[in-house]
Amino acid sequence: MSAFKRSARISGQSILSRFAGAAEQMKGAIIVNPYDSDEIAAAIHTALRLPLSVRQAYHQQLIKELHIHDSHWWSARFLSQLSGAPGDTGAMPAAGLIDSAGFGNRPRY
């Protein structure tokens, strides 16, 4: 059974801190300021009142985003931005450092 079919049975709703690095990609989550207890309470109230079909659709969207924006995507994006960072004086690009350290050929899990 695929992850998408399994996720259709999940009925929870994700509540995520706006300070989490992945908040931009997690469009199906309810985003909150974790330092605002009233906002957290309102998010929990909202999550508990969402119809099952809406919660399942949000969850499926979150799972899809997680499959697209996995740790490999994040690391490639980080290394790409690092190697083209302003003020770069021609030093070895970050990807070259990774390859020269022997980490470049590791399998993806």
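This is a predicted model: local features need pLDDT of at least 70, side-chain atom pairs count only at pLDDT 80 or more; totals for chains, interfaces and linings use all residues.
**Exercise 1. Find how far helix 2 reaches from its first C-alpha to its last, and which residue's side-chain oxygen reaches a backbone nitrogen at its start.**

*Solution.* Begin with the length: helix 2 has 13 residues. At 1.5 Å a residue, the expected reach is 18 Å. The model gives 18 Å from the first C-alpha to the last, close to that expectation. Now turn to the start of the helix. There, a side-chain oxygen of Asp36 comes to within 3.1 Å of the backbone nitrogen of Asp38.

**Exercise 2. How many aromatic pairs are there, and how are the rings of Phe19 and Tyr35 arranged?**

*Solution.* With ring centres required to lie within 6.5 Å, the count is two aromatic pairs. Take Phe19 and Tyr35: their ring centres are 6.0 Å apart and their planes stand at 45 degrees, so this pair is tilted. Then trace both residues back to the fold. Phe19 sits in the loop between strand 1 (15-17) and strand 2 (30-32), while Tyr35 sits in the loop between strand 2 and helix 2. The pair therefore ties together parts that are 16 residues apart in sequence. As for accessibility, Phe19 is exposed at 53% relative accessible area, and Tyr35 is exposed at 72%.

Now the other pair. The ring centres of Trp73 and Trp74 are 5.1 Å apart, and with the planes at 90 degrees the pair is edge-to-face. Trp73 has a relative accessible area of 28% and is partly exposed; Trp74, at 28% relative accessibility, also counts as partly exposed.

**Exercise 3. Describe the whole chain: how many helices and strands does it have, in what order do the elements run, and what share of residues counts as buried?**

*Solution.* First, count the elements: the protein chain has five helices and two strands. Second, read them from the N terminus on, which gives α-β-β-α-α-α-α. Third, turn to burial: 18% of the 109 residues count as buried, with the cut-off for buried at under 20% relative accessible area.

Methods:
Residues are numbered from 1 along each chain as its sequence is written. Side-chain values use heavy atoms; hydrogens and water are left out. Helices (H or I, at least four residues) and strands (E, at least two) are DSSP runs, numbered from the N terminus. The expected span of a helix is 1.5 Å times one less than its number of residues. A polar contact is a pair of N or O atoms within 3.5 Å; within protein, one must be able to donate a hydrogen and the other to accept it, and residues adjacent in sequence count only if both atoms are side-chain atoms. Rings of Phe, Tyr and Trp (its six-membered ring) pair if their centres lie within 6.5 Å; planes under 30 degrees apart count as stacked, over 60 as edge-to-face and the rest as tilted. Buried means under 20% relative accessible area, exposed over 50%, partly exposed in between (1.4 Å probe, protein chains only).
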